[in-house]
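Open the model in a viewer and keep the selection panel at hand. The stops below can be followed in order.

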Amino acid sequence: MPGTYRHRQRINAIAFAMTGLCALFTLGVLFFILGYVTVHGVSSLNWDFFTKLPKPVGETGGGMANAIVGTFKLIGFAALVGLPVGVLGGIYLAEFGQGNTIGFLVRYAADIINGVPSIVMGIFAYAVVVLPMKHFSALAGGVALGIMLIPIAVRSTEEFLKLVPMAIREAALALGLPRWKVIVRVVIPTALRGLLTGVLLDLSRVAGETAPLLFTAFGNRFWSVGWLNPIASLPVMIFTYAVAPYEDWHRQAWAAALVLLMIVLATNVGARVLMRKQVKI
Amino acid sequence: MMLPMAQDMTVPSATSDPVKPSHGIEAIKVNAWFGVKHVLKDIHMKIKPRQVTAIIGPSGCGKSTFIRCLNRLHEVVPGARMEGQILLDGADIWELDPVMLRRRVGMVFQKAQPFPTMSIFDNVAAGLRLNGTRNQTQLSTVVEESLKRAALWDEVKDALDKPGTGLSGGQQQRLCIARALAVNPAILLMDEPCSALDPIATAKIEELILDLKKNYTIVIVTHNMQQAARVSDETAFFLLGELIEFGNTKQIFTNPRDKRTEDYITGRFG
């Protein structure tokens with residue numbers, strides 16, 4: 001077999017170089033996006049952006065204070081709608097849904113909902129919340145995001161609970177503890193930081209959603225009081241401002257993009273820090 | 001030696017009087033499956049109280065499955081099921097609540113699994129505390145007593161608030177034994193408790209087993225035939241899900257009746 005070893009070495013070198021290049025490319029794309037948004041955003045970012053309302057068309061200046069608060073309000077409401085169902089569903093899947101039909105169906109359904117385009121979620125919330133109430137509202141936006149959150153939270157909760165070894169559950173069961181106590185007092189505490197990390201990542205994923213908000217939360221150029229009025233949010237503001245024909249709005253859209261990116265990034269880093277303190281299993 | 005304070009943990013039945021009478025186990029025609037895989041075939045076996053019964057056999061012969069049937073942990077695995085009768089002091093364990101059954105039939109596993117979020121104290125107290133015992137002095141007494149019985153007290157008495165996962169492998173295993181003893185079971189199942197331990201830690205556990213059998217009925221699964229010979233009064237040999245031979249340990253090791261037992265203990269296969 002002439003040259004077999006050389007041949008293998010060459011293949012190895014090529015494969016190594018290709019995987020390395022792809023890894024670099026991935027990293028490159030990330031830094032390019034971050035850098036590009038930062039360069040464009042930073043110049044338009046000022047104190048007014050965080051404290052002032054948007055100016056009327058034609059006037060320059062103003063800020064997006066209402067949209068920043070609006071984004072947090074929407075995420076908060078989405079958490080209220082989505083997390084209880086999502087987390088409890090995930091607990092069910094991890095603890096009672098392994099290897100049975102119901103578990104399979106729930107997991108399958110969650111994965112399908114996860115794959116549904118987010119604008120469909122928006123239409124759904126429009127049909128069940130906006131139409132009966134006859135106007136756009138923070139509530140409708142929160143419901144749309146909350147429904148999106150459910151399957152994501154189900155799966156992340158399940159994955160983090162499954163990291164707890166079966167042997168720990170069995171050790172607890174062998175002490176004569178009922179199943180629910182094993183879950184509440186042993187399994188969940190063991191996985192707690194992982195679960196919180198999952199929840200934070202889930203929330204940061206829906207924080208950037210635009211499509212479900214377009215015809216639910218709609219948008220608002222002023223402060224939105226309570227939950228029953230249309231509300232501004234960063235993603236929708238970016239959309240509206242970016243497609244408008246005004247130079248000043250484009251600048252502000254970049255600034256909004258940077259702020260949104262920072263919120264998501266901060267949540268992700270926070271989740272990482274939490275995870276690092278997770279107890280060793 | 002009793003832990004009277006832990007009495008409220010045991011099942012209020014005719015058999016749970018404070019002197020712990022017999023607590024023998026009888027398996028009658030026990031069959032077990034994982035899915036379609038038939039792992040235990042017609043096991044008949046009478047385990048005598050207050051002595052050590054060893055179960056030996058090659059890997060995959062059903063030894064662990066058998067003892068996991070005794071505390072109904074087998075059925076927890078998805079797809080696993082069991083048929084036949086297991087009598088605990090004459091009472092069918094299928095008529096008992098599995099939770100109550102497991103308080104009478106404790107278990108120590110192959111790999112020590114201290115609860116990772118709990119301190120040494122909390123680990124030992126877990127069985128009682130999570131079942132509603134709030135009395136702190138009572139918990140302290142039981143924890144101390146259990147750790148002493150597991151021969152761990154002297155090594156950890158100044159570090160009770162440290163995490164249980166910080167102990168060495170042998171200490172963790174004794175911690176798990178203490179944790180099992182704290183709920184005051186009558187029977188202790190041990191699933192290869194020394195397979196992950198060094199010889200010194202193993203010797204400690206074996207010493208402990210000999211000490212514990214004064215008060216507990218012990219069933220130990222082991223891969224180590226010397227260990228079975230050292231600690232047990234009776235030995236059962238399992239092969240491919242069947243009970244091949246069961247009897248006095250000395251007889252099994254010196255004068256086995258079945259050819260297959262002889263082949264196994266002399267190392268001709270395994």
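**Sheet in chain B**

Begin by selecting residues 25-34 and 80-88 of chain B: strand 1 and strand 4 pair there in the antiparallel sense over eight bridges. Strands are DSSP runs of E with at least two residues, helices are runs of H or I with at least four, and both are numbered from the N terminus; two strands pair if DSSP finds at least two bridges between them. This is a predicted model, in which local features need pLDDT of at least 70 and side-chain atom pairs count only at pLDDT 80 or more, while totals for chains, interfaces and linings use all residues. Residues are numbered from 1 along each chain as its sequence is written, and chains are lettered from A and ligands numbered from 1 in the order in which they are written.

Pick Ile25(B) next; its bridge partner in strand 4 of chain B is Leu88(B). Then show the whole open sheet of chain B, four strands in the order 2-1-4-5 with antiparallel pairing. Its edge strands, each pairing on one side only, are strand 2 (37-47) and strand 5 (91-92) of chain B.

**Helix pair in chain A**

Select residues 138-162 (helix 6) and 179-207 (helix 8) of chain A: the axes come within 9 Å and cross at roughly 145°. Axes are lines fitted to C-alpha atoms over the stretch in contact, with angles from 0 to 180 degrees between N-to-C directions.

**Between the chains**

Finally, display both chains: 24 residues of chain B are in contact with 21 residues of chain A, contact meaning C-beta atoms, placed from the backbone, within 7 Å. Helix 2 of chain B gives the largest share of chain B's side, four residues.

Notes: Two residues are in contact if their C-beta atoms, placed from the backbone, lie within 7 Å.
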